[in-house]
Amino acid sequence: MANRITSLFGIKYPVISGGMVWCSGWKLASAVSNAGGLGLIGAGSMYPDVLREHIQKCKAATDKPFGVNVPLMYPDIETIMDIIIAEGVKIVFTSAGNPKLWTKKLQDNGITVAHVVSSSKFALKCQEAGVDVVVAEGFEAGGHNGREETSTMVLIPQVRQSIHIPLIAAGGIGTGNAMLAAFALGAEGIQMGTRFALTQESSASQEFKELCIGLKEGDTILSLKKLSPTRLIKNEFYNNVQEAEDRGASVEEMRELLGRGRSKKGIFEGNLVEGELEIGQVSSLIDSIPTAEEVVNSVITEYNIRLEEMTSNNMKF
Ligand SMILES: Cc1cc2nc3c(=O)[nH]c(=O)nc-3n(C[C@H](O)[C@H](O)[C@H](O)COP(=O)(O)O)c2cc1C
């Protein structure tokens with residue numbers, strides 16, 4: 001099948017691996033792209049020189065399209081964008097910021113721009129800003145999240161009604177069945193974070209990956225709501241955050257409690273007690289650490305089988 005997402009990005013399957021701090025370096029991005037999806041390098045945890053190195057290694061590891069995810073609150077944003085343009089990257093997924101700021105400059109340099117949102121209001125703003133593709137992410141997702149806590153099931157159809165540009169669904173999608181559900185709601189592609197964070201090519205620590213594949217329903221929760229809502233595993237760090245929020249700690253106090261490098265400590269260094277452990281709800285459905293290629297293949301196979309079953313069994317009432 002070809003659709004607007006596969007055509008726009010020049011990929012075989014409309015399956016994207018989301019940019020993820022401490023997980024999605026060149027190894028994961030190139031593996032997903034080589035498997036027929038679209039791999040993204042997550043610039044959010046990289047100094048500019050590190051990002052340049054990852055882009056160059058990714059170019060050496062795949063001749064397929066790949067992209068870079070840039071959270072727009074990044075301190076070195078000008079330098080990051082200069083590197084992306086100079087290295088000839090063709091696809092950028094921006095997040096956590098105003099889509100008006102960078103879209104035109106990137107497009108003027110031949111780059112296709114997607115922007116991540118968590119509401120139909122911001123999806124419309126993306127379309128008005130001239131963004132090429134919207135990623136709508138429900139609050140099941142790992143990582144930073146929308147304040148309104150809209151779930152993917154509710155968000156996708158509303159965004160579909162609000163915009164006419166191509167739409168990628170994210171949040172809680174880890175299987176081909178979920179991909180099919182997202183397509184039924186109007187999405188034309190899926191972005192998965194959690195599923196790809198728990199693959200062999202992800203640069204997350206083995207300790208983090210093993211903890212995540214043992215998680216059960218209810219083991220993650222939206223936290224840090226005073227700063228920037230983030231879905232976390234309930235560990236000691238989360239308990240401290242909760243205790244502080246319950247007694248009405250100020251934003252400054254919360255910022256101090258979070259400190260610097262918490263997500264690196266948890267995800268990359270494997271400190272499961274003191275680290276900030278970002279992962280999505282769908283981790284409770286995941287119990288293995290396959291290669292990225294196995295993930296892409298199983299999602300597409302399951303999507304096709306389920307689609308066939310649903311049409312051949314005639315599910316009409
Ligand atoms: C560990 C982790 C780190 C993430 N870091 C980022 C990031 O740096 N930038 C971003 O736009 N999204 C980030 N995300 C969100 C993903 O790109 C993706 O949209 C999300 O994980 C999709 O939902 P899912 O986790 O249910 O698959 C992160 C997600 C996880 C699990």
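This is a predicted model: local features need pLDDT of at least 70, side-chain atom pairs count only at pLDDT 80 or more; totals for chains, interfaces and linings use all residues.

**Entry: around the ligand**

I looked up which residues surround the ligand. There are 21 of them, and the closest are Ser95, Glu137, Gly172, Gln191 and Thr194. I then sorted this shell by class. I got 8 nonpolar, 11 polar and 2 charged residues.

Which strands each supply at least two residues of the shell? I found strand 3 (66-71) and strand 9 (189-192).

I went through the atom pairs next. An N or O atom in the side chain of glutamate 137 is 2.5 Å from an oxygen atom of the ligand. For valine 21, I noted a polar backbone atom 3.1 Å from a nitrogen atom of the ligand. How much of the ligand does the protein bury? The ligand alone exposes 600 Å², and 95% of that is buried by the protein.

**Entry: two domains**

I turned to the chain as a whole. It is divided into domain 1 (4-204 + 285-303) and domain 2 (206-282). I read 23 Å between their C-alpha centres. In contact are 29 residues of domain 1 and 23 residues of domain 2. The two domains bury about 2,300 Å² between them, with 60% of it on carbon and sulfur atoms. On the domain 1 side, Trp22, Arg147 and Ala204 lose the most area to domain 2. Together they make up 25% of what that side buries.

Key
Residues are numbered from 1 along each chain as its sequence is written. Side-chain values use heavy atoms; hydrogens and water are left out. A residue is near a molecule or strand if one of its heavy atoms lies within 4 Å of it. A polar contact is a pair of N or O atoms within 3.5 Å; within protein, one must be able to donate a hydrogen and the other to accept it, and residues adjacent in sequence count only if both atoms are side-chain atoms. Accessible areas come from the Shrake-Rupley method with a 1.4 Å probe; for residues, only the protein chains shown count as cover. Helices (H or I, at least four residues) and strands (E, at least two) are DSSP runs, numbered from the N terminus. Ala, Val, Leu, Ile, Met, Phe, Trp, Tyr, Cys and Pro count as nonpolar, Asp, Glu, Lys and Arg as charged, and the others, Gly among them, as polar. Domain bounds come from an automatic or database domain assignment. Contact means heavy atoms within 4.5 Å. Buried area is the accessible area (1.4 Å probe) that two parts lose on being put together, summed over both.
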